[in-house]
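Subject: Handover of a structure

Dear colleague,

Please find the structure below.

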Amino acid sequence: MDPSYSFFVTGTDTEIGKTLTSGALLHAFGKRGLRTAAMKPIAAGAEYRNGAWCNEDADFLAQAANVALPPALTTPYLCQEALAPHIAARQDGIRLEIEQIIQCYATVTQAANCVVVEGVGGFQVPLDDHYDTADLARALKLPVVLVVGLRLGCLNHALLTAAAICANGLPFVGWVANQIDPTMRYVDENIATLRVRFEQQYNAPLLGKIPHLEAPSAATAALYLNIDPLLALCAKRL
Ligand SMILES: Nc1ncnc2c1ncn2[C@@H]1O[C@H](COP(=O)(O)OP(=O)(O)OP(=O)(O)O)[C@@H](O)[C@H]1O
Ligand SMILES: C[C@H](N)[C@H](N)CCCCCC(=O)O
Ligand SMILES: [Mg+2]
């Protein structure tokens with residue numbers, strides 16, 4: 001089921017730049033000639049626009065991809081409230097089923113050879129009383145890209161997330177340093193600390209440092225990414 005170039009994008013927390021980075025990856029893969037599609041399988045926070053319920057992340061990703069697909073396929077679960085997803089789903093009276101997401105993903109892979117799947121919040125967010133988003137990533141069997149939202153406290157979050165990715169048996173294939181906090185001090189020193197550990201322990205390269213942008217867009221953020229290690233990895237698996 002795995003198309004050649006597909007990834008699960010996780011992050012050190014919510015609101016740290018997963019959507020911006022996923023959009024940038026889609027933009028960069030598209031420029032390299034791939035047919036790109038995006039999934040935000042679980043979105044929490046719906047807005048009514050032009051006669052339909054929408055989600056900001058799903059719309060941003062759809063704009064950055066070059067294969068247009070029905071929103072119901074790329075976001076099978078759109079919860080009304082911007083809450084932890086299991087709580088939002090309960091409010092809506094629905095259950096978040098991993099199997100349903102897997103089926104949508106399988107359909108998406110028929111239309112695109114590069115699918116970027118954005119997680120929700122951090123790596124291990126509950127979906128119900130038993131399952132969480134780490135189970136979803138495992139069920140999708142996708143290599144994981146970690147977005148580190150650079151702010152004080154991110155080192156611990158980044159190291160714990162990498163350990164959880166690995167403990168779930170998933171390949172941790174690269175990370176992006178995203179300067180979410182423009183006032184953070186000693187940014188380069190923080191990045192260097194993670195770079196050494198991630199290279200030594202996981203062989204996971206730094207794919208780019210996105211500075212704090214005046215007007216964040218997928219195209220601008222893509223200027224700061226180097227996707228060559230991801231392309232090389234996928235080419236090797238073909
Ligand atoms: N490098 C950056 N420069 C400026 N603004 C940024 C940067 N990265 C992210 N942002 C802004 O911060 C906000 C949160 O980013 P984003 O939506 O990508 O986070 P997220 O991790 O996807 O959040 P969620 O958990 O809700 O999916 C957005 O308004 C985004 O435009
Ligand atoms: C609504 C928000 N923007 C995210 N999509 C959901 C974040 C869930 C975080 C859950 C948690 O870890 O506490
Ligand atoms: Mg997002």
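**Findings**

Apart from neighbours within four places in sequence, L155 is in contact with N190, T193 and L194, where contact requires C-beta atoms, placed from the backbone, to lie within 7 Å. The model is a predicted one, in which local features need pLDDT of at least 70 and side-chain atom pairs count only at pLDDT 80 or more, while totals for chains, interfaces and linings use all residues. Residues are numbered from 1 along each chain as its sequence is written, and chains are lettered from A and ligands numbered from 1 in the order in which they are written.

L155 belongs to helix α7 (residues 154-167); helices (H or I, at least four residues) and strands (E, at least two) are DSSP runs, numbered from the N terminus. L155 is partly exposed because 15 other C-beta atoms lie within 10 Å; a residue is buried if 20 or more other C-beta atoms, placed from the backbone, lie within 10 Å of its own, exposed if 12 or fewer, and partly exposed in between. Between L155 and L142, 13 residues apart along the chain, the C-alpha atoms are separated by 24 Å.

**Annotated residues**

An unreviewed UniProt entry lists K40 under "active site"; UniProt positions are given in the numbering used here, feature names are shortened, and annotations may be inferred rather than shown by experiment. K40 is found in the loop between β2 (36-39) and β3 (42-44). K40 is buried, since 28 other C-beta atoms lie within 10 Å. Setting aside residues within four places in sequence, its contacts are N55, D57, A58, L61, T74, T75 and E118.

Under "binding site", the unreviewed UniProt entry lists T19, D57 and E118. Although they are spread over 100 residues of sequence, they cluster in space, with a largest C-alpha distance of 8.9 Å. T19 is part of helix α1 and is buried, because 24 other C-beta atoms lie within 10 Å. Not counting residues up to four places away in sequence, T19 touches D57, F60, L61 and E118. E118 is in strand β7 (residues 114-118) and counts as buried because it has 28 C-beta neighbours inside 10 Å. With residues up to four places away in sequence again left out, E118 touches V9, K18, T19, S22, K40, D57 and L61.

**Ligands**

Ligand 1 is surrounded by 17 residues, of which T14, G17, K18, T19 and L20 are the closest; a residue counts as near a molecule if its C-beta atom, placed from the backbone, lies within 6 Å of it. Helix α1 (residues 18-31) gives the most to this shell, with three residues. The shell around ligand 1 divides into six nonpolar, eight polar and three charged residues. In this division, Ala, Val, Leu, Ile, Met, Phe, Trp, Tyr, Cys and Pro are nonpolar, Asp, Glu, Lys and Arg are charged, and the others, Gly among them, are polar.

Around ligand 2 are T14, A44, G45, A82, A84, V120, G121, G122 and V125. The shell of ligand 2 holds five nonpolar, four polar and no charged residues.

**A helix pair**

The axes of helix α5 (residues 98-108) and helix α6 (residues 133-140) come within 10 Å and cross at roughly 40°. Such axes are lines fitted to C-alpha atoms, for helices over the stretch in contact, and angles run from 0 to 180 degrees between N-to-C directions. In α5, I98, I101, I102 and Y105 meet D135, L136, A139 and L140 of α6. The residues of this contact divide into seven nonpolar, no polar and one charged.

Yours sincerely

Conventions: Two residues are in contact if their C-beta atoms, placed from the backbone, lie within 7 Å.
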